[in-house]
Amino acid sequence: MSRRPRRLAALCLAGVMLAVSACGGGPSESEDGAVELRFGWWGNNDRADATQKVIDAFQAKNPGITVKGSYTDFNSYFDRLATEVAAGRAPDVITLGGAYPREYGDRGALLDLSKVSLKTDKIGTAALDNGKFGGVQYGVPSGVNAIATVINPAVFDKAGVEVPDGDTWTWDDFKRVSTELSGKLPKGTFALADPTRSDMLDAYSRQRGEALYTADGKVAISAKTLVDWWTMTLELRDAGASPPASQTAELITQPAPEQTLMGRGLAAMQFDWSNQLTALTKAAGTPLKLIRVPGESDATQPGMWLQASQIYSINARSEHPEEAAKFVDFLVNSADAGKIILADRGIPANSDVREGIASVLGEEEKAQAEFIDDLTPKAGPPLVIGPAGSTDTPKILDRVNAEVLFGRQKPAEAAADFIQQVGTAIQQ
Amino acid sequence: MSNRPTPAIASPEREPPLARGRRRRRRSSPSGPARDRIGYLFLAPWFAGMALFTVGPILASLYLSFTEYTLLKPPEWLGLDNYRQMLADPRLHKSLGVTFVYVSVSVPVQLVLALALALLLNRGVRGLSFYRSVYYLPSLLAGSVSVAILWRQIFGKDGLVNQLLAMAGIEGVSWVAHPDFALGTLIVLNAWTFGAPMVIFLAGLRQIPHSYYEAAEVDGAGPVSRFFRITLPLLTPIIFFNLVLQLIGAFQSFTQAFVISGGRGGPSDATLLYTLYLYERGFGSFDMGYASAMAWVLLAVIAVLTGLNFLFAKRWVFYGN
């Protein structure tokens, strides 16, 4: 028991201390004293390139701030975000969409934007309201968006079927066109992928004076509406206008535009968000166009609506809320950023930015802008955003829809099941 | 024999260096409590990690399982509500069913494959180490995301399997996305990882003394009865070991099902393994309390099954005299 073991002990301890202190390094400030922000978003590689350019432009203007972007595809984005938020390591600037701003806002994870200096006076109120819940502005919209029918005219031509008129077509027209296409298209090409998705149910039920949710956060869609919907999609499936059940189930697990039937040039139509037009066109390698969803003209009320395509919000626990606000301000209010992002995150919600980029828009972006402009006077009432828990709805719908497509549930059973499951999810 | 006088048979030339060495060692290395202390010191980083990253979270999850915890607000005490809710949760029951089918098919298939291959390789194949490595590879790879993606491609609508079927004029479905077949593709993937138990079987086969076989052969035993009377009984401890390990592992399978089903356990919950549902409740629906309760139930299920395994082992596992 001389000095050697003690020296050894000291060495070991030093090693442990070193290891521990290495874990505890502060992430927020880099060596040169610059503030480091993290920015989380979802998307494909093209969006990643554009986003990095925006970050570079922001950093050039704000030498004291560095921004680190991190992204995944849409399906895994929210799983990852939930984990990061739970661990207290969520990005400073968080991209959200749909019902998520409310979900996170209600749970206290987002900063009240009135506490930081962020200008929103040039942003359209319809889109701005998508980030406002209980009187608190939790996020600002990246742009404006609408659910639409994406058309591949080349596939229509090949089948010798006329592209329908988006202003007048009804659901019966839609069924007729789809069945006609399916008879004339080569094997493996379809009129469209299975059209069931929660935003389409929103549009479809709104046309009947319903919606997915009531303003006070309950299920609003009726069983009858759901039964009619599934009766139609089953007809399409049986006619070969949409793919067999197992192919649909496989497509659900591959959400990227390049993986969809439309993106692979294997579909004549696809219901999707208008801002996907650019990515879909690039993937399909042929010009695509946007028309409105069927049934708008003869509906009780128009089902389509203007929606904030994405919402930028700030982490309530961010150590640098002012710098984060500066970055969000750059994203939504700067024409420089707008010229890089173009319409990839929706038609810019800021009117100045939109004018500023008009001259540099490409074909697809112009088409989207025109589509949104054309829709604005014809859109239905603002959408009721789902309450906390409603972010489960798309998953519930995927499950129930699979039951229907694989013939395990009749539409009536599935409708009751869907309403019950969504009801349970949103009351928790 | 350390302090005994020099034995007569040992050569005197070799003795002094040995003794010197022993003395030197005694001088330099501390004995008793001091040596233990150094041992523990070396273990300290591991203990710290264990306490911080394993025991701590385990205890935390036990507490959380009695609470409602949505990640963003502090947990609220619920008592046994989560466990009560589990009794009435149809998706939980579905996921248990899926998991039991998965485990009870894939583990036996995998073990039989492993044993068969081990027997084959044990017959003195040339290039044994090469085959051993090749068959072991899937065990290293199969847990990875890339292999799961590969699986999705192979068994997808336009995948390899369907291309082969198309040559025979059969139009296949998307195997990974059909409720009747999706779980089967996962079972095949798990069975494919027979390499790890195979290597252990091989080691076990090597330990069976050759003299037994020779004696049996002299007595006129054929290859079949040699297998059932000698190989299998003497291998039972190894079979038992593999069974316990693979069973525990299979219950915790997650990655493959997660990747292949796109994180959803679909279609219509056909591949909703228990762990996948646990993950979905925890990280998809922000139900960490419920997910923690599920984790503890899984632990209990695995513990009970492993306990039963050990209990029944007395009946069939043969440890020699």
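**Chain B of a predicted model: questions and answers**

Trainee: How many helices and strands does chain B have?

Mentor: This is a predicted model, in which local features need pLDDT of at least 70, side-chain atom pairs count only at pLDDT 80 or more, and totals for chains, interfaces and linings use all residues. Residues are numbered from 1 along each chain as its sequence is written, while chains are lettered from A and ligands numbered from 1 in the order in which they are written. Counting DSSP runs numbered from the N terminus, with helices (H or I) of at least four residues and strands (E) of at least two, chain B comes to 14 helices and 2 strands.

Trainee: What radius of gyration does chain B have?

Mentor: The C-alpha atoms of chain B fill a box of roughly 80 × 60 × 40 Å along the principal axes. For a compact globule of 321 residues, the rule (2.2 Å times the number of residues to the power 0.38, with the radius taken over C-alpha atoms) would give a value near 20 Å, but chain B has 27 Å.

Trainee: Is B:Ser268 buried or exposed?

Mentor: B:Ser268, which has a positive phi of about 40° although it is not a glycine, is found in the loop between helix H12 (255-260) and helix H13 (274-284). A residue is buried if 20 or more other C-beta atoms, placed from the backbone, lie within 10 Å of its own, exposed if 12 or fewer, and partly exposed in between. Because B:Ser268 has 24 C-beta neighbours inside 10 Å, this residue counts as buried.
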